[in-house]
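Thanks for coming. I will go through one structure today, chain by chain, and then turn to how the parts meet.

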Amino acid sequence: MAELKIIGLLLLLLGGAVGGAAVMTWFERRVLGIWQDRLGPNRVGPFGIVLVAADMLKLLGKHDWVPPFADRPVFIFAPTAIVVAMLLGFAVVPYAPNVMVIDMNIGLLFFLGMTSIAVYSVLLGGLASHNKYSLLGGLRSAAQMVSYEVFMGLSLMGVVMLTGSFSLIDIVLAQEDLWFAVTQPLGLFVFVIAGLAESHRLPFDLPEAEHELTAGFHTEYGGMKFAMFMLGEYLGLILISCMITTLFLGGWQGPWLPPLVWFPIKTLAVILFFILLRAAIPRPRYDQLMSLGWKVMLPITLINLVVTGGVALWLSEGGF
Amino acid sequence: MNSAAPMNRTAQTEHVPEFITQNAVAQQAVADAVPTFWIAPKHLREAMTLLKPQYPLLHDLFAIDERLRKHRDGQPAADFTVVYHLMSFRLNSDVRLKVALQGDAPHCPSISDIWPVANWYEREAWDMFGVTFDGHPNLRRILLPPTWTGHALRKEHPARATEMDPYSIDQDKLEFEQEALRFVPEEWGMQRKSDDSEFMFLNLGPNHPSVHGVFRIALQLDGEVVVDAVPDIGYHHRGAEKMAERQSWHSFIPYTDRIDYLGGVMNNLAYVLAVEQMVGITVPPRAQMIRVMMAELFRIASHLVFYGTFAQDVGQMSPVFYMFADRERLFGIVEAVTGGRMHPAWFRIGGVAQDLPRGWDTMVREFIDSMPARLDDWDRMAMRNSILKRRTQGIGRYTLEEAIEWGVTGPGLRACGLDWDLRKARPYSGYEQFEFEVPTAEGGDCYDRAVVRIEEIRQSLRIIRQCVDNMPEGPYKSEHSLAIPPPKDRTMKDIETLINHFLSVSWGPVMPAGEGCFPIEATKGQNAYHVISDGGTMSYRTRIRTPSFPHLQMIPLMTRGLMVPDLIAIIASIDFVMADVDR
């Protein structure tokens, strides 16, 4: 019976995550449209939501083409890596007290590992295309990801210290009285920025940067392989939002409503925030992004770490 | 019969160096009263060197095929003429030199080492007329493909496809054309490697999201740093100047709309003013003010597109939608007044096409009342954004001297601190009646160019408000017999009016022989039509001086040593449209 439950949950999650990412493509365009004084997709079905299906049909119908000059196996492998890594990341997210695939005692590390694997996808996609724009995109992504990975991990260490565990369930339970968003504001700030950089969305979409590199690392991709990149990107967005909810916004916890309602509400709010950022902020230059990372973000993270460590130590000694 | 051309101003020659007045073969009277000297090719370079301190802007350089021109009284014999139009900001006056060239393969000394901006202009004259400029470093075709045969603006070159054999391409020709497309860095003046690195060559365009049309830049990159950038233009060339020689004076107006396609009637204005000046048509005050109002509306429309795309090109997603929504409301007014939107072709020689519709003032008032608050919002959203500032401040900077040297006009020049605006300096079409300021900035970088344009939107709103408040009553078209289409109210009463109307409408008006140029402050800089009539129903030569052409030539100077994203910001800040460059 337990196996059946796990399989059912897996299927539900798979469908939920992929379906959610697909709906997100519509949702984002629609929300952006409203914010930008225009309509957005509103023609197919109620509020234009059937556009998701139309988009999928279109992408499925496209010629599955690999450029003759590309490195074929890597070119095909690259888009799958991001989707697989992101989907695996969902395995450790605690949606409600008993609704999660696996409660690992290193859940947080597993999540960080999965997002790191997703970087390869962008990097390999850019290199395998043998296109100069893709190459530049790949180069940028390598530099961007390497520097932002560093303090993405570090920014979460404050949370880990306060909880005393890498298990995501423990982290959620530790926020019963007070969200880590309150005690770890710097950590949250850095994690949001790093999460943006990881999901390479505007304003940190430098590997893609359509105004500069046409489409950056996925210039040569089309059809379903392109769709996989997009799917991976939206899965990443949802995953990062889930993690922010879990790590800083008290996870499933909340008054009156059941946990399975609170979690999506919080996640959706975070997603909306990310979309708003995309609508509002211009893209910094590549070297400016790097210097922001190393000269501003890293010091903030380290200060946060030292202060948190000190306070934790002080509290464990019993305070005054 | 140039002497017949009306002279509203007399030629000011006191600042022209003696060397020129003494060595001039002839002095020509021109409708625009610019002192025009014919000079021998051997004296050209010395004359230019002497003129440059006083007249620092090489406003235009172009050629004329004189071989079929009948009315050349007093002008030296020439098969081809090269014309140099210089402008002085300090004296607020112009001078024009003409060089008469003989033979089928004429030669002329190059001045590209005296004025860097002459480089492209001379290439264009070579491309279009086959004039060889001796001493030019890189005399290649610029607008037409390298495999083109003949020189398109020569009179013997066919203007229509029906005059040519049907086009066909066989295997040999195909291979030849494809080979001509091969990118050889050395031909573009680039090295393949330096001592310590091998360069990457990136072909940006002609299809690229941020080059604003079909524009190609060959980039020599070291990492993401631009070592050199060589612009390649001509992909949008439609032969507008050639078409002018095959259209009646009246039916060319719609073609002008499509030169700076964001400028709409602003292009009409430059053209009709040049023709009116040539034949001496005075436009009634109401028509003048209608023209100013519509032109300023289009200045706003063009600057709004600039504003939106500028923010978009540094990666800000939303502003362009707000600006296009504003532009859409503006086009609502344009549509109500003219019936057209982007290309109304609404000005006429002698006035405008119709009177303003009932209720126009309410529409215009609504728009200008709502805009200032919205502009403030856009400022908060875009111009004060710190990332946008960091992306554009100090990027693509040039000094005032460089700007003048390279023929920069319009907001790009004013961003360097010079308050030169033809609407103030040489008021035309009644601009002297309006109160407005000429915004300037000091830095000459991408950000300053944007600041100047945005302030210009506010000033244009001011001008439009004064138009609405003070619109005079009266006719909207001149009674002059060459105004087209001519007034019809008396055609059924006397036979001369009927004949004149019939001929003017069926053939088009016969403009008396003459020549003249009329620079105006267009949306992107100084736009000027140099029109030459040989006493026919069609222009003998129409030269279109567009602001964007010299601006693009500056890209290498502005970009070297910066990064690819900076190049995109620079391109956005120049505010060009390729139709305006290639014509």
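Let me start with the order of elements in chain A. From the N terminus on, chain A runs α-α-α-α-α-α-α-α-α-α-α-α. The count for chain A is 12 helices and 0 strands. Before I go further, please keep in mind that this is a predicted model.

On to the overall dimensions. Along its principal axes, the C-alpha trace of chain A spans about 70 × 45 × 45 Å. The radius of gyration of chain A is 20 Å, and this agrees with a compact globule of 320 residues, which would have a value near 20 Å. Of the 320 residues in chain A, 45% are buried. If we take the contacts in chain A with a separation of 6 or more, 78% of them are between residues 24 or more positions apart.

Two loop residues in chain A have a backbone angle that I want to point out. Asp37(A) is not a glycine, yet its phi is positive, at about 65°. Where is Asp37(A) found? It sits in the loop between helix H1 (2–35) and helix H2 (51–60) of chain A. Asp37(A) has 13 other C-beta atoms within 10 Å, so it counts as partly exposed.

The other residue is His130(A). Its phi is near 55°, again a positive value in a residue other than glycine. His130(A) belongs to the loop between helix H4 (107–128) and H5 of chain A. With 15 other C-beta atoms within 10 Å, His130(A) is partly exposed.

Now chain B. Here we have 20 helices and 15 strands. For the 583 residues of chain B the globule rule gives 25 Å, and the radius of gyration is 24 Å, so chain B is as compact as a globular protein of that length. The box filled by the C-alpha atoms of chain B is roughly 85 × 60 × 55 Å along the principal axes. Buried residues are 51% of the chain B total. For contacts in chain B between residues at least 6 apart in sequence, 69% join residues at least 24 apart.

How is chain B divided into domains? The domain assignment gives domain 1 (2–142) and domain 2 (240–546). Their C-alpha centres are 27 Å apart. The contact between these domains takes 24 residues of domain 1 of chain B and 29 residues of domain 2 of chain B. On the domain 1 side, strand S3 (residues 57–65) of chain B gives the most, with 6 residues. That side of domain 1 of chain B, the one touching domain 2 of chain B, has 15 nonpolar, 5 polar and 4 charged residues.

The next topic is the nonpolar cores. The largest one has 169 residues, and Ala125(B), Val131(B), Ala270(B), Ala274(B) and Leu297(B) have the most contacts inside it. Helix H8 (residues 285–313) of chain B supplies the largest share of this core, 16 residues. At least three residues of this core come from each of domain 1 (2–142) and domain 2 (240–546) of chain B.

Take Val131(B) as an example. Beyond its neighbours within four places in sequence, Val131(B) has contacts that include Ala63(B), Phe80(B), Leu101(B) and Trp126(B).

One more residue in chain B is worth a stop. Asp32(B) is in the loop between strand S1 (26–28) and strand S2 (36–39) of chain B. Is Asp32(B) buried or exposed? There are 25 other C-beta atoms within 10 Å of Asp32(B), so it is buried. Leaving aside neighbours within four places in sequence, Asp32(B) is in contact with Gln277(B), Gly516(B), Cys517(B) and Phe518(B). By contrast, Tyr235(B) is 203 residues from Asp32(B) in sequence and 33 Å from it in space, C-alpha to C-alpha.

Last, the contact between the chains. How many residues does the contact take from chain A and from chain B? It takes 22 residues from chain A and 26 residues from chain B. On the chain A side, the elements giving two or more residues are helix H5 (132–163), helix H9 (210–213), helix H11 (259–280) and helix H12 (286–316). The chain A residues on that side divide into 10 nonpolar, 4 polar and 8 charged.

That is where I will stop.

Conventions. Residues numbered from 1 in each chain as written. Chains lettered and ligands numbered in written order. Predicted model: local features only at pLDDT ≥ 70, side-chain atom pairs only at ≥ 80, totals over all residues. Domains from an automatic or database assignment. Contact = placed C-beta atoms within 7 Å. Helix = DSSP H or I, 4+ residues; strand = E, 2+ residues; numbered from the N terminus. Nonpolar A, V, L, I, M, F, W, Y, C, P; charged D, E, K, R; others polar. Rg over C-alpha atoms; globule rule 2.2 N^0.38 Å. Buried ≥ 20, exposed ≤ 12 C-beta atoms within 10 Å, placed from the backbone. Core = buried A, V, L, I, M, F, W, Y, C linked by C-beta atoms within 7 Å.
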